[in-house]
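Me: I'd like to learn how to read contacts in a protein model. Can we go through one together?

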Amino acid sequence: MAKTPVRFTLNDAEAALFVDEGANLIDVLRRGAGDLSPKQGCAQGTCGACTVLIDGQPHLACLTLAETVEGRRIDTTGGLAGGPQLHPLQTAFMEEFAAQCGFCTSGMLMAAKALLDRQPSPSRDEVAEAISGNLCRCTGYEPIIDAVMRASQRMRGAA
Amino acid sequence: MLSVQTCATLDEAARQMGDRTRFLAGGTLVMRGVNYADPSFDRIVRARTMPCEIRSDDTGLRIGAGATMADLLAARDAEILHPVARMIGGPAVRNMATVGGNLFAAHPYGDLATALLALDARVEMAGGATEPMETFLAGRDRQRGLVTAVILPRVTASEFRWAKISRVKPKGVSMLSIAAWLQGGSRITDARIAFGGMGPTPLRAKAAERALRDRTLDPAGIEGALAACLDGLAPADDALASEWYRREVAPVHLRRLLLREAR
Amino acid sequence: MTSIEFRKDLFADERDDTLKEIGQPTIRQDILGHVTGRTPYYDDHLFDGLLHMRAVRSPHHHARIRSIDTREAERMPGVRRVATARDVPNNLNTLLSLINFGKDDEPLCAHDKVRYKGETVAWVIADTERLAREAVAQVRVDYEVLPHVLDPEEALKPGAPVVNEVYPNNSFDYHERYDHQKLRFGDVNAAFARADHIVEAEYQMSPIEQAPIETCGAIAAPEQNDRYVCYTNTQALFFSLGTTAKLLDIPSSRLHFIGGTAGGGFGGKVDSIVEPTAVLGAILTGRPVRFAWDREEEMQVGAPRGAERWRLKDGVMADGRIVAREFTGFFDSGAYTRLSSYAIVKGTGHLPGPYFIPNVAANVYCCVTNRTPATAMRGFGITAVDFAIECQMDRVAEAVGMDPIELRILNAYRDGDMKAHRRKAKNTALIECCQVAAGKAQWPLSGEAMAQSSLTGGGTPERVAIPETVTDDEGRIGERRAGRTASTAPSRNGRGRVPSGQHGATIVAAPPQNPDMQIEADRIGHRMGSETPPSAMGPASGAAQPSAPYRPASQTGGSIVPPRPTPPPAAPPPAAPSVPPSAPPPASPSYGTQPPSAPPPAATPGAPHDAPYQRPAAPEPEPYRPDKPFSRGTRRPGSSPFLSGTRRR
């Protein structure tokens with residue numbers, strides 16, 4: 001099977017991989033680059049567990065042809081902390097019980113980060129809108145919205 | 001096994017289309033097929049650059065086929081389509097799904113195509129030919145070409161109405177959708193009503209359109225349209241809803257749309 | 001975080017309220033992994049050369065398999081192995097055989113017949129998932145489509161197609177007697193005749209898919225010590241281990257199962273299908289193999305909570321007291337039993353709900369249909385019947401013109417009341433729940449209703465009496481299919497009578513359906529029927545099993561430990577033990593080289609009962625020497641290679 005070279009930035013590190021023709025981004029990130037933080041829940045773009053940021057914008061890795069990310073910047077939950085210090089979103093999720101089984105959490109964090117990066121002071125409705133492409137079967141969403149609101153307050157120095 | 005061919009431009013890609021081949025734009029539909037090994041294709045063609053410009057002038061609105069739903073939402077010129085684009089998928093899907101791709105979306109997807117049908121859009125193909133949405137949709141299963149743009153006439157925003165009926169709130173796939181372009185003000189001079197989810201493609205409810213001509217938008221005025229709205233439609237029967245259910249509720253949702261009743 | 005309100009005023013004298021954890025903020029022990037993307041779900045283990053396994057599935061609800069042609073699939077690029085039923089060493093099982101309940105009725109892979117849409121007919125193992133899918137599409141199966149039945153009541157009719165030959169009556173056989181569970185308490189028909197109102201209704205719940213965000217899946221791989229490791233998201237790790245050992249005829253000591261983390265389960269990850277499949281793939285290919293359901297399979301093939309239909313008939317007095325309640329319940333188990341037989345037992349045990357009703361009758365059926373087999377989901381076995389019961393209570397309230405919450409308070413059981421299962425209710429709290437909920441909802445209740453309490457009014461002579469109970473013999477196994485029993489509801493003409501005050505005959509679980517299925521409880525460190533409570537039970541040493549019989553504490557003269565294979569010489573017992581024999585167990589596990597019992601030295605002579613317990617002075621440790629050298633698996637004659645029982649031959 002032919003292989004295609006792809007180069008991209010993954011959480012501040014350079015990645016260079018050979019990928020199968022037709023491979024999708026989530027397989028390449030998980031098995032190719034060894035970043036297991038994006039999760040596969042449906043492979044059809046309905047659950048959002050595979051949400052990653054491409055050039056800062058949320059995308060579904062399961063529906064992204066891997067070679068299309070050539071030269072682009074990808075951020076995943078695995079790189080959210082950027083060191084020993086957790087991102088305020090991560091701390092807020094922990095404090096607000098915004099995860100139970102944890103399988104949707106990676107995607108939720110990416111969707112939330114994309115929101116706070118462009119809108120540091122969202123309303124609850126805006127948070128709900130931002131995570132509207134991410135399904136959760138455990139929490140009922142309210143703790144997640146609480147966590148994003150709390151994180152946004154902290155990031156603005158307001159709490 | 002799947003092969004991928006990357007071309008520089010859309011025109012080049014159009015020349016590469018063929019049997020068992022799909023064109024990859026945003027990926028929200030084609031990659032589903034890849035992931036589930038859809039047996040109907042084993043080759044993907046894509047273009048490194050896609051026309052995504054959104055531009056309006058006094059003749060109308062031109063949208064490049066590569067424009068995503070997010071691009072539409074960011075463009076003031078495309079404001080008329082904002083109510084539709086806003087309800088397609090979630091933020092990630094909107095960053096990926098293209099206008100051109102939505103024209104080919106099989107039920108239950110294709111909200112934008114439904115709206116464009118009501119708005120009398122024309123579809124421009126690679127090579128330059130254009131055709132009305134209606135004939136494009138009727139022939140899309142046999143379509144070999146690639147869409148380069150959709151062109152809408154000038155539409156006053158207040159004349160356009162949109163309803164997306166889904167079971168999951170606030171976002172979920174359409175069970176059925178209704179787009180209506182009602183011209184004339186208090187007495188309708190021309191109506192175009194398109195349903196999604198009520199046929200193999202978005203379909204116009206032409207009997208209802210005729211029944212609205214010269215009428216006012218009040219309960220008495222729309223009675224004829226409601227009675228005729230199912231003519232020519234073939235409601236889908238699927239996991240979202242039965243054919244019976246769609247038949248029952250389509251006139252109800254049309255009534256609410258025409259009378260602007262709260263849902 | 002949502003707040004908790006404590007109602008410490010209720011049942012205040014029944015508990016110690018020094019709560020250390022409940023109501024205090026805490027951080028989930030696993031949430032750091034969740035928010036950093038590091039929680040290791042089964043699929044987060046990378047293997048070189050991982051192969052992907054996909055199933056060929058039946059498109060028909062019910063069909064005979066005439067032939068399976070895998071030749072084309074075997075030739076496709078990247079295909080490593082195509083497997084069928086032939087490749088499963090022991091291709092018949094039922095989940096609860098591990099606890100000795102039910103008959104083996106389900107193959108891991110169909111061979112002569114498919115019984116539900118989506119049932120596995122063959123497997124393909126290939127280099128990539130896509131290649132596996134493409135090869136699956138090339139497997140040709142010749143089906144002879146059979147008539148199917150998708151409704152539990154239709155399945156019980158005499159002419160219905162037989163779904164599963166192991167249960168030829170399309171119903172689970174209970175206690176070797178009846179095709180349903182019977183509950184009888186008092187005389188419902190006499191009470192209906194006395195009642196002022198009869199309230200009858202039918203309720204139904206469709207199958208409900210658990211739909212966790214993570215689908216069921218497992219990765220199995222050969223390990224270098226001739227074992228197979230299996231990473232799985234099962235909710236039932238030991239069931240999965242035992243089921244895999246049994247289906248694949250492999251000693252459980254050769255299986256290394258790693259679970260504990262699931263991306264949601266809700267009961268949908270208990271059926272232990274993906275693990276035996278993945279391990280089989282690893283055995284057949286000698287490579288790591290991943291077998292997981294995609295989203296469509298999780299919906300269609302993954303077992304849902306079973307559909308249920310309930311008919312309730314209540315006899316109600318004008319003042320709102322429910323004097324009789326009759327249930328006819330149907331649980332759609334789908335094509336195979338799995339856990340449904342047990343769900344019905346659980347559901348029947350739940351009847352008639354948290355209410356004091358002096359006459360209760362129930363017939364509850366576990367029906368076999370051509371639907372996807374059902375399994376557990378949140379409140380397994382009782383969710384649908386509770387829905388029916390509570391809707392019925394509202395209907396009853398309407399019939400007698402009473403407030404629905406006050407009706408519940410009136411009929412609620414109180415401490416000491418006799419329940420239909422001939423046990424006294426205790427620790428009841430429905431009344432207080434109703435009162436508090438009504439207060440929160442600002443739903444006005446009368447002073448009388450607010451004055452009721454679970455602690456008073458129950459257990460009076462009329463409420464604690466076990467009434468004379470009418471029984472019947474209708475619905476014996478096979479009668480329904482033969483057309484001899486028409487009605488599924490409890491009999492109108494019961495002839496048997498169990499005198500009042502009697503608990504009736506105890507029905508225990510049926511004896512093992514097959515003499516092979518013996519439980520050898522002491523193999524896994526359990527004791528059956530012993531009166532002394534087990535305390536310091538050390539694990540068995542190595543593979544060698546204790547050969548000495550278990551001796552109760554009074555005979556070993558000290559703490560309770562399992563007998564040792566090579567007991568070192570025991571310290572001589574003192575003339576007068578200074579501490580009673582029920583001394584607390586030694587602080588460290590007593591396996592290994594410490595003596596089984598050495599009475600502690602007296603600390604203060606003359607005050608034996610005040611002496612603090614001291615650890616016995618350990619003699620010089622002897623080198624460990626098993627009486628049988630280590631050998632792979634267990635070779636003891638008559639022993640089972642399975643964790644909890646003997647395999648079927």
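**Where two chains meet**

Reply: Let's start with one pair: Asp44(C) makes a salt bridge with Arg30(A), with the closest N and O atoms 2.7 Å apart. A salt bridge is a side-chain nitrogen of Lys or Arg within 4 Å of a carboxyl oxygen of Asp or Glu. Before we go on, this is a predicted model, where local features need pLDDT of at least 70, side-chain atom pairs count only at pLDDT 80 or more, and totals for chains, interfaces and linings use all residues. Side-chain values use heavy atoms, leaving out hydrogens and water, residues are numbered from 1 along each chain as its sequence is written, and chains are lettered from A and ligands numbered from 1 in the order in which they are written.

Me: How many salt bridges does the rule find across the interface of chain C and chain A?

Reply: The rule finds 4 there.

Me: And how many residues does each chain bring to the contact?

Reply: Contact means heavy atoms within 4.5 Å. Here chain C gives 35 residues and chain A gives 35 residues.

Me: What about the area buried between chain C and chain A?

Reply: Buried area is the accessible area (1.4 Å probe) that two parts lose on being put together, summed over both. For chain C and chain A that's about 2,800 Å², and carbon and sulfur atoms give 63% of it.

Me: Now helices: at what angle do H10 and H11 of chain C pack?

Reply: Helices are DSSP runs (H or I, at least four residues), numbered from the N terminus. Axes are lines fitted to C-alpha atoms over the stretch in contact, and angles run from 0 to 180 degrees between N-to-C directions. Helix H10 (residues 383-400) of chain C and helix H11 (residues 404-411) of chain C pack at about 105°, their axes 9 Å apart. So H10(C) is roughly perpendicular to H11(C), a label for angles of 65 to 115 degrees.

Conventions. Helices (H or I, at least four residues) and strands (E, at least two) are DSSP runs, numbered from the N terminus. Angles under 35 degrees count as roughly parallel, over 145 as roughly antiparallel, 65 to 115 as roughly perpendicular and the rest as oblique.
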